[in-house]
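Try each one yourself before you read its solution.

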Amino acid sequence: MTFTFSTLALVTALGLLGPVLALRSSWHIPVIVGPVVAGVAFGATGLRVLDASDPTFTFLADIGFALVMFVAGTHVPVRDPAVRSALGAGALRAVIVGVVAAVFGTGLAAAFGTGHASLYAVLMASSSAAVVLPIIDSAGLTGKPILALTAQVAIADTVCVVALPLVIDPSTAGRAAVGALAVGAAAVVLYLLMRLTEERGWRKRVHRVSEERRFAVELRVSLVGLFLLAAVATRMHVSVMLAGFAMGLAVAAVGEPRRVAKQLFAIEEGFFAPLFFVWLGARIDLRDLVAHPKFIVVGLALGLGAIAAHVVMRVIGQPAPLGVLAAAQIGVPVAAVTVGEQLHVLAQGEGSALILGALLTITAAALAAGRAGAAGASQGKAYSTTTGA
């Protein structure tokens, strides 16, 4: 298949399934589910109209993935004093979840002989700010437990994004570590430059002119930074996921202007993110799961294991629905599949299993958000401190 404008029109149209499925707010279906389902139907599993191996399609999807993780990074509330005050509780929960996930991952890898104990542990320990925070907003969840949950998700997301390149192929862990450090160092340099422009008032002066003349200079500069980090990541053989997330954190630490946030939202949610998720669905071949049924069990075990590892936090006071919500993941499993297949370290069907597990956590999170919202409503206003610390 050659990627043409007619293909692009089809992909963009399929992306509309996301808003359609998410239209009913009471279902709490993340908007990413629709494009993935559409991609599965038109890709390798279904009609095979879309070829996810097409270089143009793949490159556009990489841009989309970098932007998805960029926006996810900007959603991490690093400047929120209330969230910072909850970092202790969030960090404790993230560590305990990580320990439990390590036990589950070891058992799962041993049971199926895949040799990917560390990878499974990172997957089950991960949380996705890109999924969890929008669900929290749409469900109107507030209160002290939500602050601790937000801190937990932010910490888990950051640590697992960094850890993934190190565990997915132990033989290349040294190279991946160097690559991660290079991307992190470049992100710190960009953060310092952005902070300098903010402190000197240069950004505000540029902002006024840009707004008056409609130059969108800040958006262009943000994209330059993102693509520079992506270039470093690809040159150092690490995922653009890390580049996008690092750039997002840098922007969040400085403070993202509202106008830039809206512009990024338009670019990401209006085009590149749906395209990426359609591509992701198109590259998943669920027929591999049929041919290798043990990976159906692996996928279900990964999803249920992630949920169980997070629900364990009930013993230290976190409400069970919030534990399920914290288990939602997408970025780390997607990067695991992408990098794993590039390095040829995943068995046939294993990549589909990782995505199956991720989709299970998202489905459970959507259901848990409805339950958490109902619990908060029954108490009069929000998910208050009386439901758990």
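**Exercise 1.** Find which residues form one aromatic cluster with Trp279.

*Solution.* In this predicted model, look for Phe65, Phe276 and Phe277: together with Trp279 they make up one aromatic cluster.

**Exercise 2.** Work out whether the ring pair of Phe271 and Phe272 is stacked or edge-to-face.

*Solution.* Start with the count: the structure has 5 aromatic pairs. For Phe271 and Phe272, the ring centres sit 4.8 Å apart and the planes meet at 75°. Planes over 60 degrees apart count as edge-to-face, so at 75° this pair is edge-to-face.

Phe272 has a relative accessible area of 16%, and buried means under 20%, so Phe272 is buried. Phe271 comes out at 27%, which makes Phe271 partly exposed.

**Exercise 3.** Locate the largest pocket and say which helix gives the most to its lining.

*Solution.* The largest pocket holds about 1,200 Å³ of space. It is lined by 50 residues, and closest to its centre are His75, Ala130, Pro134, Phe265 and Glu269. Elements that give two or more residues to the lining include helix H4 (55–75), helix H8 (129–139) and helix H14 (258–283). H14 gives the most, with 12 residues.

Notes:
Residues are numbered from 1 along each chain as its sequence is written. This is a predicted model: local features need pLDDT of at least 70, side-chain atom pairs count only at pLDDT 80 or more; totals for chains, interfaces and linings use all residues. Side-chain values use heavy atoms; hydrogens and water are left out. Rings of Phe, Tyr and Trp (its six-membered ring) pair if their centres lie within 6.5 Å; planes under 30 degrees apart count as stacked, over 60 as edge-to-face and the rest as tilted. Buried means under 20% relative accessible area, exposed over 50%, partly exposed in between (1.4 Å probe, protein chains only). On a 1 Å grid over the protein atoms alone, a cavity is a set of points where a 1.4 Å probe fits but cannot get out, and a pocket is an open set with protein on both sides within 12 Å along at least five of seven lines; lining residues have an atom within 4 Å of a point. Grid points are joined across faces, edges and corners, and a volume is the space filled by probe spheres set on the points. Helices (H or I, at least four residues) and strands (E, at least two) are DSSP runs, numbered from the N terminus.
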